[in-house]
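Visitor: Hi, I'm new to this one. Could you walk me through it?

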Amino acid sequence: MTDTTAATAVHHEITVDVPQARAFALFTERFDDVKPRSHTLLEGLERSDLEPFVGGRLYDLGVDGSTLVWGTVVACEPPARLVFSWQLTPQFQVEADPSRFSEVEVRFVADGPGRTRVELDHRYLDRHGDGWESERDAVDHDAGWPLYLARFATVAAGRAVDAG
C-alpha cells in the first residue's frame, strides 16, 4: 500500500486452525456470530446475515421484522475471497450514495495443513467524505474489525460466542 492508501485503509489479520474452505464457509454462514450483537442501528436485533454471492446483502433483521441493509457483496470467490461495500457514514448511518461507500476485502489464505490466515482490508474510507477519519479510527479500534476477527476465531475454534 502507498502511504496515501495506508492512511485511508485499515488492515487486520488472524490465523485460525481450520482449512481454507471451512474458514470461508464459517465466516459467511455464521456471520450472525461473527458480527457483534451491539453493532446495529436497529432497536432490537434478531440476526445479522451475509448473502455470499455477488449482489448479496449484508443486513440486520430486527425483532420487529424490519431490515437494515448496510453492505452489498461485490466479489465472492469461495474459498479465497469476499469483498463487500460498507454503506455506513462516519456517523454510522446508512449511506445511500454508492460513490461514498468504502470497501471491505476479506481474504482466506491457506497457511499450511488445516490452517487459514484471514486478512481483512477496509479501504477507500476517504470516500465517506467529511469525518471519514473518525470512521477509520472506529473500525480500526479494538471494538471494530479486531473484535469481528476475534469472534470469528472463537467460531472457528468451535466455541460459543458471547452475545456481545
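Guide: We'll go through salt bridges and then a pocket. This is a predicted model, where local features need pLDDT of at least 70, side-chain atom pairs count only at pLDDT 80 or more, and totals for chains, interfaces and linings use all residues. Residues are numbered from 1 along each chain as its sequence is written, and side-chain values use heavy atoms, with hydrogens and water left out.

Visitor: Okay, how many salt bridges does the structure hold?

Guide: There are 18, a salt bridge being a side-chain nitrogen of Lys or Arg within 4 Å of a carboxyl oxygen of Asp or Glu.

Visitor: Which residue does Arg 123 form a salt bridge with?

Guide: With Glu 105; their closest N and O atoms are 2.6 Å apart. Arg 123 sits in strand β7 (residues 116-123) and Glu 105 in strand β6 (residues 102-110), so the pair ties together parts 18 residues apart in sequence. Strands (E, at least two residues) and helices (H or I, at least four) are DSSP runs, numbered from the N terminus.

Visitor: Is Arg 123 buried or exposed?

Guide: Buried, with a relative accessible area of 17%. Glu 105 counts as buried too, at 8%. Buried means under 20% relative accessible area, exposed over 50%, and partly exposed in between (1.4 Å probe, protein chains only).

Visitor: And what about Glu 119 and Arg 107?

Guide: Their side chains meet in a salt bridge of 3.0 Å, N to O. Glu 119 is in strand β7 and Arg 107 in strand β6, twelve residues apart. Both Glu 119 and Arg 107 are buried.

Visitor: Where does Arg 151 lie?

Guide: In helix α5 (residues 145-156). Arg 151 forms a salt bridge with Asp 162, the closest N and O atoms being 3.0 Å apart. Asp 162 lies in the segment after α5, so this pair ties together parts eleven residues apart in sequence. Arg 151 is buried at 6% relative accessibility, while Asp 162 is exposed at 55%.

Visitor: New topic: how much space lies in the largest pocket?

Guide: About 250 Å³.

Visitor: Which residues are closest to its centre?

Guide: Of the 18 lining residues, they are His 39, Trp 86, Leu 88, Phe 92 and Tyr 148. A pocket is an open set of points on a 1 Å grid over the protein atoms alone, where a 1.4 Å probe fits, with protein on both sides within 12 Å along at least five of seven lines; lining residues have an atom within 4 Å of a point. The volume is the space filled by probe spheres set on the points, which are joined across faces, edges and corners.
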